[in-house]
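Please keep the sequence and the model in view while reading.

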Amino acid sequence: MGSAVRSAPPNRVPMWRDEEVRAALLKASAKNEPPKVRQAAIGALCGLACADANKVPMWSFDPLKAALLDSAGLDAPPQVRTSALRALQNLASTPENMHTIWNDGVARATLLSAASESEPQSVREVALRSLCELAHATSNLEPMWMDPKVKSILVLSAKVEQPP
């Protein structure tokens, strides 16, 4: 379903508003599903999160928020984590969500954990992009910089000796 969502941008808003589609994608993103199924479901949700009209309603929908944060967590396979982090990055790209995502303790902890030096490069890169999106909100600039973990992650990420 992921490629169908990416190739059909006009369908993104009606697909998100369809309760059956939402339920099917959330069910397929559950921990008990095989990684390929989870990745496809999260990829489809990521595609739906590209539509500006979906960004605020998607982040406001608690079951989706929980599914994305769970799928971006340390115990998920790297491909699933990367897809979930991309969806979070898409959701973070709208000003209405930037402040609320940063102020969500679970979202912040998930992004900071995924951006840490010990993470696979693919996971880390998307987490760093998500943090960059959040930094576009003026209200986030000072709190983000004052957060010791953010400061440490940014300083380490700026070093020349980055992995290939």
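Helix α7 (residues 78-92) packs against helix α8 (residues 95-103) at an angle of about 125°, and their axes lie 7 Å apart. Helices here are DSSP runs of H or I with at least four residues, numbered from the N terminus; axes are lines fitted to C-alpha atoms over the stretch in contact, with angles from 0 to 180 degrees between N-to-C directions. The angle therefore makes α7 oblique to α8, a class left over once angles under 35 degrees (roughly parallel), over 145 (roughly antiparallel) and 65 to 115 (roughly perpendicular) are set aside.

The model is predicted: local features need pLDDT of at least 70, side-chain atom pairs count only at pLDDT 80 or more, and totals for chains, interfaces and linings use all residues. Residues are numbered from 1 along each chain as its sequence is written, and side-chain values use heavy atoms, without hydrogens or water.

Where the two helices meet, Leu88, Leu91 and Ala92 of α7 are in contact (heavy atoms within 4.5 Å) with Asn97, Met98 and Ile101 of α8. Beyond its neighbours within four places in sequence, Ile101 also touches residues including Trp59, Leu111 and Leu134.

Leu88 and Ile101 are among the residues with the most contacts inside the largest nonpolar core, which has 44 residues. Such a core is a set of buried Ala, Val, Leu, Ile, Met, Phe, Trp, Tyr and Cys residues joined through side-chain atoms within 4.5 Å, buried meaning under 20% relative accessible area with a 1.4 Å probe, protein chains only.

Across the chain, 48% of the 164 residues count as buried. Its secondary structure comprises 12 helices and zero strands.

Technical notes:
Buried means under 20% relative accessible area, exposed over 50%, partly exposed in between (1.4 Å probe, protein chains only).
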